[in-house]
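Please keep the sequence and the 3D view open while reading.

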Amino acid sequence: MSQGKIIKVSGPLVVADGLADANMADVVRVGEQRLIGEILNMTGDRASIQVYEETSGLGPGAAVVSTGAPLSVELGPGIIENIYDGIQRPLEEIVKQTGSNNLARGVEVSAINREKKWAYTPVAKAGDKVVGGDVLGTVPETEVVLHKIMVPNGVSGTVEWTIKPGDYNVDTVVAKVKTDKGEVRELTMTQKWPVRVGRPYKQKYNPVAPLQSGQRIIDTMFPIAKGGTAAVPGPFGSGKTVVQHQLAKWSDVDIVIYVGCGERGNEMTDVLREFPELQDPRTGESLMKRTVLIANTSDMPVAAREASVYTGITIAEYFRDMGYAVAVIADSTSRWAEALREMSGRLEEMPGEEGYPAYLSSRLAQFYERAGSVECIGSDERRGSLTAVGAVSPPGGDLSEPVSQATMRIVKVFWALDASLAYKRHFPAINWLNSYSLYLDTLKPWFDENFGEAFMKDRGQAMSILQQEASLNEIVQLVGKDALSPADQLTLEVARMVREDFLQQNAFTDIDGYSSYDRQGKLLALILRYEALCRDAIAKGADVMKLFDIPVREKIGRAKSVPAEEYVKVYEEIGSEMEGQIAEIAAQGGDN
């Protein structure tokens, strides 16, 4: 353990000398209050330290002590349902200890509750050969998450002893493993892992199954695969945070890690109030039973923002290693990049584009590349997936700025939010002409197998209609709608139905807030069936305005509000009514 003295303080950056024995990325304790910091670079015995807490009151001469270990998170039972700050300090526990809503400086609180007892059931038994990643025992952490206590990475040998089933705290030795070198390792329910190092896996696979979010424009038009990466860019007020809340609420994953990185405090408050009350559609339990929240709001020290994203993804990798499907939702990577820019400026590094550090792209890639569908380490076969979704908040909605451009080069799904759609109250305000998903080809076999080939065909047809609408709108502005042919008028009308009756969704009603794949497919097929029948009727000389005014049109518009248990029957009834009404008008057209 090496000790030095401060020679310079510049906001969250502290320079200290006398730290010859310290290493890059070591965690240090700064000053009398023992503020947490991390060494960013070393020159001789002089270290530049980024301090994760408010540095006011620090001055030259104050002591700096290196802990000799990199910034790490503690992993074990008690993480789920918890609310942490950017460096894994439990905020609720700090409030209890300090009696204040303000985060006091220098508070040292264990990330995991040391007193609470967990019902531990051993899985491994004496004499078993184990390697890193093997399951020693299980703990029912919440009603929906079975926490697997795993052998730490790098430990292998023979189990000499395991504890009996019972209630124990996390520091209790639950197994003793005799390593190949003959040493006996005592293993508890917890382990530590450095946040900047990705956890190992056996093999990474191509993602083949979609992540179902219940949002029609995402699931049908621009799907993301489990183990994939996505970005949600958009200007202020376009609904980035609401889209991410919807993903956190309804995604068919086992665990959600929500990182509020530099966002407004009231948005995190909304999450904290809402999630415990929301019911998970898959389990019927509260959503918090499978959620970890990392709150690093805009008024918290800027340096901790940079760590919060790594803290979140390391916790996610730990649950992925248990064989779970995990989603990390970072809101927003732009605020994280701003923290990088501030620290880079204080370090006097050569600035890149718009003042961001030259390594911005590689840091973003390090975050997104930790996503994936993998075979977990260990003797038994376990598959886990980690999906990463990051919001991007470009200043003024300018997608040509460095963070948006660097993110677009890395991620495979891009949901471009549009302020003009948001102002028209069209939510989710994802612009279907600017967004894309590069997973369509890899996910097509899954869709074909589960919903038939019609699903992807309908998706392609709907996108084609929306693109035709964009080009027809330019003609309409010049010559007016009435100058268009009946077929083109029908294209515009069907595009409006796709936009308003299918893509637009109300997050505040339970029926429309979440839409299953089967329901999405049937609703889109209903709209496209209307188009096909109308095209036939127009060919027979039917009046296009009469086709637009049929009574069943109103029922199609309200189809998304039909209760979940009734939609199959109701959609069939609407379909047969529609056929009858259009056939009647087609017959009239033939008589004229």
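The report takes the salt bridges first, then the helix and the hairpin.

**Salt bridges**

This is a predicted model. It holds 34 salt bridges.

| Pair | Closest N and O atoms |
|---|---|
| Asp 321 and Arg 199 | 2.7 Å |
| Arg 216 and Asp 512 | 3.0 Å |
| Arg 535 and Glu 531 | 3.1 Å |

Start with Asp 321 and its salt bridge to Arg 199. Asp 321 sits in the loop between α5 (302-320) and β22 (325-331), and Arg 199 in the loop between β17 (191-194) and β18 (203-205), so the pair ties together parts 122 residues apart in sequence. Are the two residues buried or exposed? Asp 321 has 2% relative accessibility and counts as buried. Arg 199 is buried too, with a relative accessible area of 5%. The cut-off for buried is under 20% relative accessible area.

Next comes the salt bridge of Arg 216 with Asp 512. This pair also links distant parts of the chain: Arg 216 belongs to helix α2 (residues 216-221) and Asp 512 to helix α13 (residues 510-513), 296 residues apart. Arg 216 counts as buried at 1% relative accessibility. Asp 512 counts as buried at 6%.

Some charged residues form a network. Glu 38, Arg 196, Glu 306 and Arg 363 are linked by salt bridges in this way.

**Helix α14**

Arg 535 and Glu 531 are both in α14, 4 residues apart, about one turn of the helix.

How far apart are the end C-alpha atoms of α14? They are 33 Å apart. Helix α14 (residues 517-539) has 23 residues, which at 1.5 Å a residue should span 33 Å, so the two values agree. Just after α14, Gly 541 takes a positive phi of about 95 degrees.

**Hairpin of β15 and β16**

Strands β15 (residues 175-179) and β16 (residues 184-187) run antiparallel and are joined by 4 bridges. Ala 175 has Leu 187 in β16 as its bridge partner. The hairpin has 4 residues between the strands, and Gly 182 there takes a positive phi near 95 degrees.

Definitions and conventions: Residues are numbered from 1 along each chain as its sequence is written. This is a predicted model: local features need pLDDT of at least 70, side-chain atom pairs count only at pLDDT 80 or more; totals for chains, interfaces and linings use all residues. Side-chain values use heavy atoms; hydrogens and water are left out. Two strands pair if DSSP finds at least two bridges between them. Helices (H or I, at least four residues) and strands (E, at least two) are DSSP runs, numbered from the N terminus. The expected span of a helix is 1.5 Å times one less than its number of residues. A salt bridge is a side-chain nitrogen of Lys or Arg within 4 Å of a carboxyl oxygen of Asp or Glu. Buried means under 20% relative accessible area, exposed over 50%, partly exposed in between (1.4 Å probe, protein chains only).
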